[in-house]
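Please look over the sequence and the model that follow, and then read on for a guided walk through a few of the local features.

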Amino acid sequence: MKVVALHGSPNVDGLTESLATAALEGAAEAGAETEVVRLTDHDIAHCKQCDNGWGKCRKEGRCIVEDDFEQIRAKVREADAWILVTPVYFGDLSECVKAFTDRLRRCNTGAKGEGLTNKPLLGIAAAGGSGRGIAPCLVSMDRLFGHLNAEIADLITVTRRSAQYKREACRAAAKAMVESTGR
């Protein structure tokens with residue numbers, strides 16, 4: 001079984017990174033092969049809304065923008081389960097996570113969006129500041145996962161005050177996701 005974790009923080013020593021690491025450790029404990037993709041290390045442009053908003057993404061299930069999006073999307077599609085970890089910025093997903101997921105949602109809508117439907121997914125929102133923006137960020141994640149028809153294994157919120165014990169929750173959730181998938 002393969003599990004890929006995407007995370008969207010530029011801080012390699014921060015909260016978001018530690019949560020992605022903990023989740024992947026849990027997946028590995030359950031026997032999964034794991035990989036982390038740091039979205040900030042990649043070139044991911046925002047959606048261009050071509051063809052009145054429904055270009056090749058709607059017709060063919062692919063994006064015409066030439067950057068790292070399709071390469072990362074392929075990793076998610078090839079994985080048996082995936083994890084999305086985002087820092088909470090201004091009550092929402094981080095900018096690079098938003099750019100990636102906006103395009104993912106468009107390319108995986110309708111008949112051409114194969115590869116993600118019912119795929120197990122763990123969503124983690126990490127608020128390093130006050131923690132007040134975590135609820136609307138979680139709503140954005142839940143809406144995205146609904147559009148993708150994902151099988152939500154769990155949605156976990158983490159603040160800097162809860163980080164110590166929530167790392168263990170991320171590890172346990174990813175381990176349970178792998179064990180329950182049975183692939």
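A crossing of two helices is called left-handed if the near helix is turned anticlockwise from the far one by less than a right angle, and right-handed if the turn is clockwise. In this predicted model, the crossing of H3 and H4 is right-handed. The axes of helix H3, which covers residues 69-78, and helix H4, which covers residues 95-107, come within 11 Å and cross at roughly 70 degrees. Because angles of 65 to 115 degrees count as roughly perpendicular, H3 is roughly perpendicular to H4. Where the two helices meet, Phe 69, Glu 70, Ile 72 and Arg 73 in H3 are in contact with Phe 100, Arg 103, Leu 104 and Cys 107 in H4. Sorted by class, this contact of H3 with H4 has 5 nonpolar and 3 charged residues, with no polar ones.

The loop between strand E3 (81-87) and H4 holds Ser 94, which counts as buried because its relative accessibility is 1%. A polar atom of the Ser 94 side chain lies 2.9 Å from the backbone oxygen of Gly 8, and, once neighbours within four places in sequence are left aside, Ser 94 is in contact with Gly 8, Thr 86, Pro 87 and Tyr 89.

Phe 90 is also found in the loop between E3 and H4, but this residue counts as exposed, because its relative accessibility is 83%. The phi of Phe 90 is near 55 degrees, a positive value in a residue other than glycine.

Further along, in the loop between H4 and strand E4 (120-127), is Asn 118, another residue other than glycine with a positive phi, here near 65 degrees. At 47% relative accessibility, Asn 118 counts as partly exposed.

Technical notes:
Residues are numbered from 1 along each chain as its sequence is written. This is a predicted model: local features need pLDDT of at least 70, side-chain atom pairs count only at pLDDT 80 or more; totals for chains, interfaces and linings use all residues. Side-chain values use heavy atoms; hydrogens and water are left out. Axes are lines fitted to C-alpha atoms, for helices over the stretch in contact, and angles run from 0 to 180 degrees between N-to-C directions. Helices (H or I, at least four residues) and strands (E, at least two) are DSSP runs, numbered from the N terminus. Angles under 35 degrees count as roughly parallel, over 145 as roughly antiparallel, 65 to 115 as roughly perpendicular and the rest as oblique. Contact means heavy atoms within 4.5 Å. Ala, Val, Leu, Ile, Met, Phe, Trp, Tyr, Cys and Pro count as nonpolar, Asp, Glu, Lys and Arg as charged, and the others, Gly among them, as polar. Buried means under 20% relative accessible area, exposed over 50%, partly exposed in between (1.4 Å probe, protein chains only). A polar contact is a pair of N or O atoms within 3.5 Å; within protein, one must be able to donate a hydrogen and the other to accept it, and residues adjacent in sequence count only if both atoms are side-chain atoms.
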